[in-house]
Amino acid sequence: MHGMSTNSGDSPDITSSRRTLSQSSLLDAANGATPHHQPVWFMRQAGRSLPEYRKLRENIGMLEACFTPDAAAEITLQPVRRHNVDAAIFFSDIVVPLKAAGIGVEIVAGRGPVVDRPIRSRADIDSLPELDPDSISVIGEAVREIIGELRDDQALIGFAGAPFTIASYLIEGGPSKTHQHTKAMMHADPDSWHALMRVLTDYVKVFLGVQIDAGIDAMQLFDSWAGYLHARDYTDLVAPYSAEIFRFVSERSSRGGRRPIPRIHFGVTTGELLGPMAQTGPDVMGVDWRVDMATAAQRINVALADKNGDTGPGELALQGNIDPALLFAGKEAVDKEIDQLLTTTDQLISEGKISGHIVNLGHGVLADTDPDIISHIVEKVHSW
């Protein structure tokens, strides 16, 4: 059972299998260098929009696929082959660390992750098991299999859900539109809240540690539900744990004198939280479609100046932020949006307000999106 400290994924010092990618436009943009071409990838690029994915999933469940290296690798690689994107995003799910730890959770079609026994008390939290890195060795196998199939200019982005979003699933028992039980614990029983966040932070560190050691080239922390929070609650009760994860990733991936892998942070409806989220220490901030990029850059730079003193603007790169629904409007509308987006971000870069830009959607690819429009966006962006 869970005590005061946990195995945070620390392992004997090993030589990482991470590649040296001198031609990766995505890594260049994330690191503030000038890329060979404008980089682009898509959240949920691997999934239901692809007929090859639907065929593969006919005989295997979602979580089973996540824990089967060949299946996870194939699903990860499908959109890279089809769309020629600049990065693969490791196919996984936010609740994979919970499942690996032995917590009863399943993904129910049409609803999402559902927890057998929601966490509502300190006793529930104290009974949570530790996550043994050996229980997710298959994750490392999948990462290594994917890397073996990627070109030297294609990065592999590691995946993890942020502790707050995982906590919400655990406390609510599944997806929630109100997060009422979660917010109740945060404010009525903050000691239990922090105890739970401590456990989940260690889960995420173990999960990412395995991916880092297997050779991921970058990582993204998905805080899907953070946008439901007041900025004060995010700053006081959530941000310290995300910051700890980003520090861990930096330290773990820089062993042997390597440059730390780029760290991307993303949440949905987080326009009011862009500043506090940027203060947790990512290299790239994902922006959803509700906020224009110039406003996002301004909010982020003010927050970083407040935190770090007069360090100057433009420390972070931005990622995003095409509306996923726009992909149903046809090529002309999509091309117009891309032209506007890249004109704006090129100007922000030239003015020193951001360090780089990675094209993405403002959230994930919608299930019934035509795959051809995704390939068209990649071609359009690469020709910019």
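**Notes on helix packing and local geometry**

1. Helix 9 and helix 10 are roughly perpendicular to each other, a reading that applies to a predicted model and that rests on axes crossing at roughly 115°, because angles of 65 to 115 degrees are counted in that class. The axes of helix 9, residues 180-188, and helix 10, residues 190-214, come within 5 Å. Helix 9 contributes T182, M185, M186, H187 and A188 to the contact, while helix 10 contributes P190, S192, W193 and L196. Sorted by class, this contact of helix 9 with helix 10 holds six nonpolar and three polar residues, with no charged residues.

2. On the helix 14 side the contact is made by M293, A294 and A297, and on the helix 15 side by L341, T344, T345 and L348. The contact of helix 14 with helix 15 comprises five nonpolar and two polar residues, and again no charged residues.

3. The UniProt record, an unreviewed entry, places the feature "domain: Uroporphyrinogen decarboxylase (URO-D)" at residues 39-48 and 157-173. In the model, residues 39-48 are 0% helix and 0% strand, with end C-alpha atoms 23 Å apart. For residues 157-173 the content is 59% helix and 29% strand, and the end C-alpha atoms lie 28 Å apart.

4. Where does the backbone of R44 lie, and what is its phi? R44 is in the loop between helix 1 (25-30) and helix 2 (51-56), and its phi is near 60°, which is a positive value in a residue other than glycine.

5. The peptide bond from G320 to N321 deserves a look in the display, as it is cis, with omega near -5°. N321 belongs to strand 8, which covers residues 317-322.

6. Turning to the aromatic side chains, the count comes to five aromatic pairs, and Y169, W225 and Y228 form one aromatic cluster. Separately, R290 lies over the face of W289, at 3.9 Å from the ring centre.

Key: Residues numbered from 1 in each chain as written. Predicted model: local features only at pLDDT ≥ 70, side-chain atom pairs only at ≥ 80, totals over all residues. Heavy atoms only, no water. Axes fitted to C-alpha atoms, helices over the stretch in contact; angles between N-to-C directions. Helix = DSSP H or I, 4+ residues; strand = E, 2+ residues; numbered from the N terminus. Parallel < 35°, antiparallel > 145°, perpendicular 65-115°, else oblique. Contact = heavy atoms within 4.5 Å. Nonpolar A, V, L, I, M, F, W, Y, C, P; charged D, E, K, R; others polar. UniProt positions renumbered as here; feature names shortened; annotations may be inferred. Phe/Tyr/Trp six-rings, centres within 6.5 Å; stacked < 30°, edge-to-face > 60°. Lys NZ or Arg CZ within 6 Å of the ring centre and 35° of its normal.
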